[in-house]
Amino acid sequence: MRGATLVLGLVACAAALQYPQSLNYGRQGLGYDDDLLGGIYNRLHGPYSTQFYQKRFGQGYSGQDYQKASIYDQLADSEEYRPISNPNDDQNQNQRLYGANKGLYDKYSSSIYNKYLNKFYNYLNKRQEQYNTGVEEDEQEPVKNVNSELTKKQQHVYQLVRFINNPVYDKEFLKVYSTFSLEKYADNYKTEAYERFIHLWRNQAYLPKGSIFSVMNDEHVKQVQALFDLFYTAKDYETFYKTAVWARQHVNEGMFLYTYSVALVHRTDTQGLALPAIYELNPQYFFNSEVIQKAYKHKMSHFGGLNTGKSGIYTIRTDYSGNYLNLNPEQSLSYFTEDVGINAFYYYYNLYFPYWMDSDKYQLDENRGELFYYVHQQLLARYYLERLSHGIGGFDFFNWDVPFETGYYPSLTYPNGLAFNERPNFANLQEYFHNYGHRWCFVGKYGYGYTYVNTYEQRIREAIDLGYAYSQDGQRVDLYNPKGLNILANIIEGNADSPNYRYYGSYVNFARHLLGYSKQPLDNFSLAPSVLEHFETSMRDPAFYKLAKKMLLLFQKYKVNLPEYTEKDLYYPGVKVDRLEVEPLVTFYEQFHTDITNGLTVTPDEYESDSTFRVQVEQYRLNHKNFNYKVYVDSELEAKANVRVFIGPKFDEHGRTIDFLENRNNFVELDQFVYNLKSGENVIVRNSRDFLWFGGDKTSYLDLYKQAMTGDFQKVYKVDDFMNGFPRRYMLPRGSAEGTTYQIYVIVSPYKPQQSEQTQKYYQTRYNQETVFTAKQVDNEDAYDKMEQYKMVRIDSYPLGYPFDRPAEFQQTYFVPNAKMIDVKVYHQVLRRGIFETEGDFEEKPKYFM
């Protein structure tokens, strides 16, 4: 269902079934201007695209280039083609056709354009036969819907998180709650989990509703662990569901949402369920206070609530904090650091790998520490690429003893009305200054974060220099072996797999509290955390990237002691990359709408109302035109190979070439896949939509909720609602109007299958996947259709980031015959009325970077 072929078929099928009277399709040359699918057919195969692209790009382009050119651009740029006529001149039908064309363009502009085009033609012919025989498709072969059990579970998910910061109004939940008690179901949990939760609950140790929850606070995490174990050990789904309904009624809203989400990810009977976008469930954590205030003002003054029967969409246009209050140059990048998709990605990553979760007990990827390192290394590298687009380059290393230069004003307010803490420029982090004036507060261990981070950092440095860490029983744990990086990362993160948490502590959590400049609370129930103390807001603060750099320097201190790569290590005998071609890389800003209705306060009547009242936020977000790249590989053998593609800088902010031995840490992995090499020349073509690590925008929560309640998932669900890759729209750095120079590096290596059974089992359980994915070729289309569903996975046993994971003997070592690097430019274009406009014409840019 999720494969690209069927997605395309569903788009066309949905359009056709809506207008059965228009099923009058045939071959090229006939007129179909009055048909929905016929209009699409003509624009794909008729003279429109040829005439349009001859006019736009000149006579030098081939017919194939016209077809592969942007169909969506055609419709957007010319009013002549935009309003496609229909018998009833129905505007909604035109809009649906325009949307269908956009969806088709997204598929047809890829490297496999011709294959999909043929499938679409076959579909039209099939519909013509059905029209002639008078037999509709659903009479011939019913379409399978999502099974009823999964449908019901998905309904539960959306109901449980609906209006999460409101009391429970759902009648079904109230009915379940009235007949459910934990004591009655005690035998349905593991005894240890049940007794631990009941012990905390009966002693009133749980965070009250309405208080602020932070997963960085140890006391809150103890409560989370007990509640999660209750969810996780429930012997069947019914028990889990009823326990969740009970917790939704009693447990703090933020704690429930986080713990319930983690349980959905890790329970085997909830795999395949989609989590709604966190920025729609808790918009207060993603949008400035003035946006939330406007939403409430409009709800009360214009509509008088959701239960008035009035409908409509109220749009709030907003910018980022850097446009509202700019304390320092860092906030010029707020469109990147405060992007809802980027921050949501970091939140979801930490749902899959909670730092408090033991990997053996809960069967996580046993290399979770290595993944922690790689995720933060890639985020920092991606941030650096974005800075170069603005000409500001890197940032200085900071010292705990020196006032922290970069302040931050988050412009956010918690759902209970308390403002997020701000940090002034040149904040003094030492305890005397940090705790000054807090004498009447509860200055717990976090109040002494300065001492803790210095102590833990010194112990970590000693372990790196000594080559071993100490376990809890005093045994030496070797760091310089194949598992050494994973062990070190567990120590630095301070997760449950750390060999000695008592000694090495939680360096990262104390650093977050210290840099966030949080005030000391009266008690653990009265926290006022900073943005750094929530995963969904951490990346908003420039201090996040400075802390990431400080952490990564510890990792680099370790890595310089590892054996250097030699040419022999990276060389693939018999394989040579002859050429690498990349189409023009073009970015632009576009409007993006986020529905924040779910974040409003409602009454019971408003909760039950079927009003279509909605509040959405309109922001500009970065995006890019889809692009292809081609890798020409000459092989003397037939074998599986792993292909990795990276993008990185060439020059620093001063225009100086960066030494590659240092620059390797600034490269971002764009693509990775397995390819079946044949003897002779291999031409590998990949489209940016196929890149493994990236995901698209999620469907609006309200649309998902409505479809879930009707059981008709197929109308709105897409792969990205289930998976959580880094936002595809931020795959490329912004670039500049004149083009910012970057480098793209590709390496073809022998395929090495994943060896760890626990790691293999983890990803198979979470994603129901095959471990090995293969690039799209004629003979393995099904394997690829599975591949494009999954994000954040391991497809081989190479170290993450290979071959840049370790230093090399010489710079030239990275440029073995089976690798290639070329210069590219990323152009930023201004989008006006759907038309790309720059100082230079697009056709003057090179067709390929080579």
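User: Leaving aside neighbours within four places in sequence, which residues is Ser214 in contact with?
Analyst: This is a predicted model, in which local features need pLDDT of at least 70 and side-chain atom pairs count only at pLDDT 80 or more, while totals for chains, interfaces and linings use all residues. Residues are numbered from 1 along each chain as its sequence is written, and side-chain values use heavy atoms, with hydrogens and water left out. Contact means heavy atoms within 4.5 Å. By that rule the partners of Ser214 are His220, Leu527, Pro529, Glu533 and His534.

User: Is Ser214 buried or exposed?
Analyst: Ser214 sits in the loop between helix H11 (191-202) and helix H12 (218-233); helices (H or I, at least four residues) and strands (E, at least two) are DSSP runs, numbered from the N terminus. Buried means under 20% relative accessible area, exposed over 50%, and partly exposed in between (1.4 Å probe, protein chains only). Because its relative accessibility is 1%, Ser214 counts as buried.

User: What is the distance from the side chain of Ser214 to the backbone oxygen of Glu533?
Analyst: A polar contact is a pair of N or O atoms within 3.5 Å; within protein, one must be able to donate a hydrogen and the other to accept it, and residues adjacent in sequence count only if both atoms are side-chain atoms. A polar atom of the Ser214 side chain and the backbone oxygen of Glu533 are separated by 2.8 Å.

User: Which backbone oxygens lie by the side chain of Asn818?
Analyst: Asn818 is in the loop between helix H33 (781-787) and strand S14 (819-828), and counts as buried because its relative accessibility is 0%. One backbone oxygen, at 3.0 Å from a polar atom of the Asn818 side chain, is that of Leu570. The other, reached at 2.8 Å, belongs to Val748.

User: Which residue of S9 is the bridge partner of Phe646?
Analyst: Two strands pair if DSSP finds at least two bridges between them. Strand S8 (residues 639-649) and S9 are antiparallel partners over nine bridges. Nine of the ten residues of S9 (residues 668-677) are buried, so this strand is largely enclosed by the rest of the structure. The S9 partner of Phe646 is Glu669.

User: How many residues apart are Lys361 and Asp229?
Analyst: A salt bridge is a side-chain nitrogen of Lys or Arg within 4 Å of a carboxyl oxygen of Asp or Glu. Lys361 and Asp229 form one, with their closest N and O atoms 3.8 Å apart. Lys361 is in helix H20 (residues 359-362) and Asp229 in helix H12, so the pair links distant parts of the chain, at a separation of 132 residues.

User: How many salt bridges does the structure hold?
Analyst: One of them joins Asp652 and Arg656, with the closest N and O atoms 2.8 Å apart. Others share partners and join Asp339, Glu590, Arg621, Asp697 and Arg729 into one network. The number of salt bridges in the structure is 27.

User: What share of the residues in the chain is buried?
Analyst: The chain has 33 helices and 16 strands. Of its 850 residues, the buried share is 60%.
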